Amino acid sequence: MLLHEALSDIAFAADESFQLQCAYEASVGLDPTATHSDAESLAEKTFRTALTDVPDRAERWAFGPAELGQVRQWVAGHASSHGVSLDRLEDLCLALHEICTNTIRFGGGHGTLTLWIADGALICDISDQGRIDNLLVGRVLPPLDGLGGRGVWLANQLCDLVQLRSGDGFTQVRVHTRLR
């Protein structure tokens, strides 16, 4: 939650007329200056720290350009067997195809797609060896004439939760889709 708060501060820093009360601070009674005084540093630190480890029970699939066409089929088979509804399945497959395409284009040409079930959701983790510098990637609609960024933005529109972390030599995108 703190990453989202910090990214909100960064996104609206130039707009002095914009005011937003922090829901987190209001709920626990914190002083806004305590958590928002150095939003960029907090966001940078969090964004550059890998997500929790993928569970050992997760199913893994290494992919590269030759396997990209099979991403949808592999995910669809696993997701439908775990009870993801048809409309959610199509959204998930499209989102993962976009993320895996980004991995091939910008993340070293290959990556690992891992999936497992937790907390009533199918969780898919895509990892590669790239690095994303833009802390707001996927949260702001990228320009149509630019290269990259639309896949993560699209995943944010289609999945229940998208988590992204990227640092030196790694990028990790984790998407969550509820089962029912």
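**Exercise 1. Find the strand that holds Thr114, and decide whether Thr114 is buried or exposed.**

Step 1: Thr114 lies in strand β2; strands are DSSP runs of E with at least two residues, numbered from the N terminus. This is a predicted model, where local features need pLDDT of at least 70, side-chain atom pairs count only at pLDDT 80 or more, and totals for chains, interfaces and linings use all residues. Residues are numbered from 1 along each chain as its sequence is written, and side-chain values use heavy atoms, with hydrogens and water left out.

Step 2: With a relative accessible area of 3%, Thr114 is buried (under 20%; exposed is over 50%, partly exposed in between; 1.4 Å probe, protein chains only).

Step 3: Beyond its neighbours within four places in sequence, Thr114 is in contact (heavy atoms within 4.5 Å) with residues including Val54, Arg60 and Ile123.

**Exercise 2. Work out how β1 and β2 pair, and where β1 stands in the sheet.**

Step 1: β1 and β2 (residues 111-118) pair in the antiparallel sense over 5 bridges; pairing takes at least two bridges found by DSSP. Arg60 has Thr114 in β2 as its bridge partner.

Step 2: Now follow the order of the open sheet, β1-β2-β3-β5-β4. β1 (59-63) and β4 (161-167) each have a single partner strand, so one side of each is left without a neighbour in the sheet.

Technical notes. Helix = DSSP H or I, 4+ residues; strand = E, 2+ residues; numbered from the N terminus.
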